[in-house]
Amino acid sequence: MATTSPRPVPPPAPDPIRAWFRFLRLHRRVSAAIAAELKALGLSIPQFDVISTLSEQEGLTQQDLAERLYVTKGNVSGLIDRLVEAGLVERRPIPGDRRSHALHLTPPGRDLARSGMAAQSAYVTRTLGSLPPGDVAELERVVMAWRAAARADEAARA
């Protein structure tokens, strides 16, 4: 009696919805982990977003900052108010513009931004950095392609 070997079962077709949900769950997990690291420093994620952005480019207006963070100017305004009260950010007048102010980190704000970035970097190194370099390169390639598709979709809908 001859036996035939079973045919290999092909892998299932990629499912973008399944990948999307996995991506969302991963985002929630890493956001919670980073939030816990930042909370230990006395920062929320939105506060860290503001001071880390200002550490890259000081002198932004609230409008500039809102555009960079993809939030409303109203959201940024309350954050800036709290960061000013905490002595981490200061508003400076812009010559010739009585309506806007340039945002700058104070020395304690700069120190806290560095500490937050170090905590974030350590987490990324422990997690994403533990993957093989080829996987990280492939992830970056996929993320950049997804970003391009999202931008094209946004432009097509505008």
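Author: Let us begin with the largest pocket of this predicted model, which is lined by 29 residues, with Phe23, His27, Val30, Leu128 and Val143 lying nearest its centre. The space in this pocket comes to about 1,500 Å³.

Reader: Which elements give two or more residues to the lining of the largest pocket?

Author: They are helix H1 (16-40), H2, helix H5 (107-126) and helix H6 (133-157), and the largest share, nine residues, comes from H1.

Reader: How do the residues of that lining divide into nonpolar, polar and charged?

Author: The lining of the largest pocket holds 18 nonpolar, six polar and five charged residues.

Reader: Which residues line the second largest pocket?

Author: Its lining consists of Pro12, Ala13, Pro14, Asp15, Pro16, Arg18, Ala19 and Arg22, and the volume of this second largest pocket is about 190 Å³. Five of these lining residues are nonpolar and three are charged, while none is polar.

Reader: Why are H2 and H4 called roughly perpendicular to each other?

Author: The axes of helix H2 (residues 45-56) and helix H4 (residues 73-85) cross at roughly 80° and come within 10 Å. Angles of 65 to 115 degrees count as roughly perpendicular, and H2 and H4 are therefore described as roughly perpendicular to each other.

Reader: Which residues of H2 and H4 meet?

Author: On the H2 side they are Pro46, Gln47, Val50 and Ile51, and these meet Leu79, Ile80 and Leu83 in H4. The residues of this contact divide into six nonpolar and one polar, with no charged residue.

Reader: What makes the pair of arginine 110 and glutamate 58 a salt bridge?

Author: The closest N and O atoms of arginine 110 and glutamate 58 are 3.4 Å apart, and a salt bridge requires a side-chain nitrogen of Lys or Arg within 4 Å of a carboxyl oxygen of Asp or Glu, so the pair qualifies. This pair links distant parts of the chain, with arginine 110 in helix H5 and glutamate 58 in the loop between H2 and helix H3 (62-69), 52 residues apart. The structure holds seven salt bridges.

Technical notes: Residues are numbered from 1 along each chain as its sequence is written. This is a predicted model: local features need pLDDT of at least 70, side-chain atom pairs count only at pLDDT 80 or more; totals for chains, interfaces and linings use all residues. Side-chain values use heavy atoms; hydrogens and water are left out. Axes are lines fitted to C-alpha atoms, for helices over the stretch in contact, and angles run from 0 to 180 degrees between N-to-C directions. Helices (H or I, at least four residues) and strands (E, at least two) are DSSP runs, numbered from the N terminus. Angles under 35 degrees count as roughly parallel, over 145 as roughly antiparallel, 65 to 115 as roughly perpendicular and the rest as oblique. Contact means heavy atoms within 4.5 Å. Ala, Val, Leu, Ile, Met, Phe, Trp, Tyr, Cys and Pro count as nonpolar, Asp, Glu, Lys and Arg as charged, and the others, Gly among them, as polar. On a 1 Å grid over the protein atoms alone, a cavity is a set of points where a 1.4 Å probe fits but cannot get out, and a pocket is an open set with protein on both sides within 12 Å along at least five of seven lines; lining residues have an atom within 4 Å of a point. Grid points are joined across faces, edges and corners, and a volume is the space filled by probe spheres set on the points.
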